[in-house]
Amino acid sequence: MKRIAVTVICGFLGAGKTTLLNRMVQREDAGRLAVIVNDFGELNIDAAIIAEVTDAVYSLQNGCICCTVQEDLLAQLVSLSQLNPRLERIVIECSGVSDPQRILQTLAYPQLRAQLQLDAVITVVDGVGYTSLDGEFARLSRAQVACADLVLLNKTDLLDPDELARVRSKLGARVPIIETQYADIPDSLLLSDRGETGPLKMLPASQSHDQLFESWLWQSPRPLNPERFRQWLTQLPPQVFRVKGLVRLHGIQNPQWLQHVGQRSQFNTAQNHHPEHAVQLVFIARRGCELRESLECSLEGCLIAA
């Protein structure tokens, strides 16, 4: 019985993993595919976005896939491996704070080895933010790259030639590096059948994510003023790695998915979503930054008056 191929997508917060996953699941020849999405926060925004293009989404949320919900991952993989008709592929999107080597260790568990075959680890790198990470954040990002079979150097449209060369130099050339914009790569590089893989790469685990990141959910029944909210996003401090969620903007009929990293914000229309709250935002920030109160206070000023 042919083993089910498993593709792991990893990369630091905001690198473009969900964009890549969207491209993978929308391919006509994707076959019988299941997607496991892990989000570090109370609201699994990434899984909801992917659910708009495929109904085979399995969510592991409110914890990191490589530590607090690792047992849930194992149980989910066992369940998926037993589906009939049999799956052809499982894609795992790790949260941006995950050290992927622990996911690879999970795939080596005895109850999975006979059923699953690691096809590839694809690491998406934010070309703009990679060289600015420091300390444990830089170490985690390097661990994500070190586990890769293929590196997507994303957002190259925002780099000049010297900056691009500097990032490529820091990444090294141990595995293929593909330069991308919006994680757009040839179909031949997505879900390709690479056959049997070699031994799993085992690297030192990074520091517990609970000591590096903090995440919180902010909700409001009132919609946002589009201009004030966009201006608010441009003024976020660098300690905030990621803001994402589902928001209603005054004057726009449908709610919008928000993905924000660095100084870039992306809004996409949410189809068939009728959220209980007009605004649902997940923040992921450097632990101990003590910004939550001030950010939420200033965000109140972006709401439409009751």
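What share of the 306 residues in the chain is buried? Buried residues make up 54%, where buried means under 20% relative accessible area, exposed over 50% and partly exposed in between, with a 1.4 Å probe and protein chains only. Keep in mind that this is a predicted model, so local features need pLDDT of at least 70 and side-chain atom pairs count only at pLDDT 80 or more, while totals for chains, interfaces and linings use all residues. Residues are numbered from 1 along each chain as its sequence is written, and side-chain values use heavy atoms, with hydrogens and water left out.

On to the inside. A nonpolar core here is a set of buried Ala, Val, Leu, Ile, Met, Phe, Trp, Tyr and Cys residues joined through side-chain atoms within 4.5 Å. The largest one holds 24 residues, and L224, F229, W232, L281, F283 and L299 touch the most other members. At least two residues each come from β8 (213–220), α8 (226–234), β9 (240–247), β12 (279–286) and α9 (292–300), with β12 giving the most, four residues. Take W232: leaving aside neighbours within four places in sequence, W232 is in contact (heavy atoms within 4.5 Å) with F283, L295, S298, L299 and C302. Apart from this core lies another, of 22 residues, including I36, L80, L116 and V121.

Finally, look at R142 in helix α6 (residues 135–146). R142 counts as partly exposed because its relative accessibility is 47%.
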